[in-house]
Amino acid sequence: MPSWQSPSPLPATWQRCDSGILPLWWDRLCAQTGQQSAALYAAGLFTEDRRRPIAQWFNPAFSAALLVAPETSPEWPVQRFGIFYAPPGTGFVRVHSAPHEWHPREPRKSPTEQEAFQAAIAEAERFLQVEMDFV
């Protein structure tokens, strides 16, 4: 594979931490939308920390974070992983990306939940590499 096609390693300042939703997400979302709206956002993902799988990266030097998590309500026929970014300082945005979807009613049909999750992680890591060029 040519060197320009091989993925670069993630910047060392970004640490992967998937054990639980970082409090930073709740704080940023409340500041942006208010506590009641924040509690409903993404079907309670940021308040209940019950939906899995998730992938998170945290940059303590910049107080920034990136999250891959389910963004659709559990009862929807099509599920989707979203990529959420908390930039340095303040704020909270959804990163617009390719849809990383799967159909829970057809768990063996591609893309599966795991395939959609891995594709979202790969896109999130590409986002981090590009974002570090602007920070």
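Biologist: In this predicted model, how many bridges join strand β2 (residues 55-59) to β3?

Modeller: The two strands run antiparallel, and one example of the pairing is Phe58, whose bridge partner in β3 is Ala65. The number of bridges that join β2 to β3 is 5.

Biologist: Which residue in the turn between β2 and β3 has a positive phi?

Modeller: Strands β2 and β3 form a hairpin, and 4 residues lie between them. In that turn, a positive phi of about 55° belongs to one residue that can be named here, Ser63.

Biologist: On the side of β4, which residue is the bridge partner of Ala69?

Modeller: Strand β3 also pairs with strand β4 (residues 79-86), in the antiparallel sense and over 6 bridges. Within β4, the bridge partner of Ala69 is Gly82.

Biologist: Is strand β3 largely enclosed by the rest of the structure or largely open, and how many of its residues are buried?

Modeller: A residue counts as buried when its relative accessible area is under 20%. Strand β3 covers residues 64-70, and it is largely enclosed by the rest of the structure because the buried residues number 7 of the 7.

Biologist: Turning to the aromatic rings, what kind of pair do Trp25 and Phe92 form?

Modeller: A search of the whole structure finds 5 aromatic pairs. In the pair of Trp25 and Phe92, the ring centres are 5.6 Å apart and the planes stand at 80°. Planes over 60 degrees apart count as edge-to-face, and therefore this pair is edge-to-face.

Biologist: How many residues apart in sequence are the parts that this pair of Trp25 and Phe92 ties together?

Modeller: Trp25 lies in helix α1 (residues 23-33), whereas Phe92 lies in the loop between β4 and β5 (93-102). Trp25 counts as buried at 0% relative accessibility, and Phe92 counts as buried at 6%. The pair therefore ties together parts whose separation in sequence is 67 residues.

Biologist: What kind of aromatic pair do Phe81 and Trp102 form?

Modeller: Phe81 lies in strand β4 and Trp102 in strand β5, so the pair ties together parts that are 21 residues apart in sequence. Phe81 is buried with a relative accessible area of 1%, and Trp102 is buried with 8%. Their rings are 4.6 Å apart from centre to centre with 25° between the planes, and the pair is stacked.

Note on methods: Residues numbered from 1 in each chain as written. Predicted model: local features only at pLDDT ≥ 70, side-chain atom pairs only at ≥ 80, totals over all residues. Heavy atoms only, no water. Buried < 20%, exposed > 50% of the residue type's maximum accessible area, 1.4 Å probe, protein only. Pairing = 2+ DSSP bridges. Phe/Tyr/Trp six-rings, centres within 6.5 Å; stacked < 30°, edge-to-face > 60°.
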